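Dear colleague,

I am passing on the structure below, and my notes on it follow. Please read them with the model open beside you.

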Amino acid sequence: MMVEIRYFAGAADAAGTPRTAVDAPPGASVAQVLASAADGNEALGRVLPVCSVLLDGVVHRDLDVPLPAGAHAIDVLPPFAGG
């Protein structure tokens with residue numbers, strides 16, 4: 001299943017792109033998809049643990065949850081200063 005990962009602010013800087021598409025295997029968790037996206041990218045690997053993650057617009061704190069069938073997008077938002 002193809003899932004788009006959208007990176008914002010410092011996460012986009014670390015990823016080197018504002019978005020990427022990944023092919024998530026059946027049963028893959030959000031954490032596994034993000035780890036795959038960060039594979040070989042040290043900067044992104046450092047940023048991901050402090051980011052908020054939204055799956056199809058809904059905040060997910062438990063990233064070990066499997067991607068549901070039909071998932072479209074994972075948004076990665078680093079902490080923002082100033083609020």
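**Salt bridges and the sheet**

Asp-75 is buried, at a relative accessible area of 8%. Please bear in mind that this is a predicted model. The partner of Asp-75 in a salt bridge is Arg-6, with the closest N and O atoms 2.5 Å apart; because Asp-75 belongs to strand S5 (residues 73-77) and Arg-6 to strand S1, the pair ties together parts that lie 69 residues apart in sequence. Arg-6, for its part, is partly exposed at 25% relative accessibility.

The structure holds three salt bridges. Another of them joins Arg-19 to Glu-4, where the closest N and O atoms are 2.8 Å apart, and since Arg-19 sits in strand S2 and Glu-4 in strand S1 (residues 2-7), this pair ties together parts 15 residues apart in sequence. Arg-19 is partly exposed at 46% relative accessibility, and Glu-4 is likewise partly exposed, with a relative accessible area of 25%. There is also a salt bridge between the side chains of Arg-46 and Glu-42, at 3.5 Å from N to O; these two residues are four apart in helix H3, and are thus separated by about one helical turn, and both are exposed.

As for the sheet, five strands form an open arrangement in the order S2-S1-S5-S3-S4, with mixed pairing. Strands S2 (19-23) and S4 (58-59) stand at the edges with a single partner strand each, so one side of each has no neighbour in the sheet. Strand S3 (residues 52-55) pairs with S4 in the antiparallel sense over two bridges, and Leu-55 stands opposite Val-58 in S4.

Terms used: Residues numbered from 1 in each chain as written. Predicted model: local features only at pLDDT ≥ 70, side-chain atom pairs only at ≥ 80, totals over all residues. Heavy atoms only, no water. Pairing = 2+ DSSP bridges. Salt bridge = Lys/Arg side-chain N within 4 Å of Asp/Glu carboxyl O. Buried < 20%, exposed > 50% of the residue type's maximum accessible area, 1.4 Å probe, protein only.
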